[in-house]
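Visitor: Hi, could you walk me through this one? I'd like to start with a single side chain and then look at the wider picture.

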Amino acid sequence: MPTPSAPSPDPSAYAGHVTPGGPTAVRELPRLTIRKCSVGEFDNNVYLLTCRETGHQLLIDAAADAPRLQGLIVEGSGRLDGIVTTHRHSDPVSYTHLRAH
């Protein structure tokens, strides 16, 4: 009896790899969309979590590049409900700075 082969990986599937200046990686879950980008000379990973029901958004580890982060926010619902910093960077971007743009 032949052995079934594993399905081919979907080339558009979420791989999680991002580079500064590159496109956003997006992972769709039933209730949450996760967006990931890389910013700055230190290749800092930034995440945007978007509730698919309410549009509320949480930005995680904002650093280095306010215009890129603002673009990331707009890729989601366009709103920003909070920022969480999991570790310190020498180049953080403040909530106030993002809200002003």
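Visitor: Which backbone nitrogen does the side chain of Gln57 reach?
Guide: In this predicted model, the side chain of Gln57 reaches the backbone nitrogen of Ser77, and the distance between them is 3.0 Å. The Gln57 side chain also reaches a backbone oxygen, that of Ile73, at 3.3 Å.

Visitor: Okay, and is Gln57 buried or exposed?
Guide: Gln57 has a relative accessible area of 2%, and because buried means under 20%, Gln57 counts as buried.

Visitor: Where does Gln57 sit, and what is it in contact with?
Guide: Gln57 is found in strand β4, which covers residues 57-60. If we leave aside the neighbours within four places in sequence, the residues in contact with Gln57 include Arg35, Leu48, Thr50, Ile73, Ser77 and Asp81.

Visitor: Switching topic: which residues make up the largest nonpolar core?
Guide: There are 10 residues in that core, namely Cys37, Val39, Val46, Leu48, Leu59, Ala62, Leu69, Leu72, Ile73 and Leu80. At least two of the core residues come from each of β2 (32-39), β3 (44-51) and α1 (66-75).

Visitor: And which of those gives the largest share?
Guide: That is α1, which supplies three residues of this core.

Note on methods
Residues numbered from 1 in each chain as written. Predicted model: local features only at pLDDT ≥ 70, side-chain atom pairs only at ≥ 80, totals over all residues. Heavy atoms only, no water. Helix = DSSP H or I, 4+ residues; strand = E, 2+ residues; numbered from the N terminus. Buried < 20%, exposed > 50% of the residue type's maximum accessible area, 1.4 Å probe, protein only. Polar contact = N/O pair within 3.5 Å; in protein donor to acceptor, adjacent residues only side chain to side chain. Contact = heavy atoms within 4.5 Å. Core = buried A, V, L, I, M, F, W, Y, C linked by side-chain atoms within 4.5 Å.
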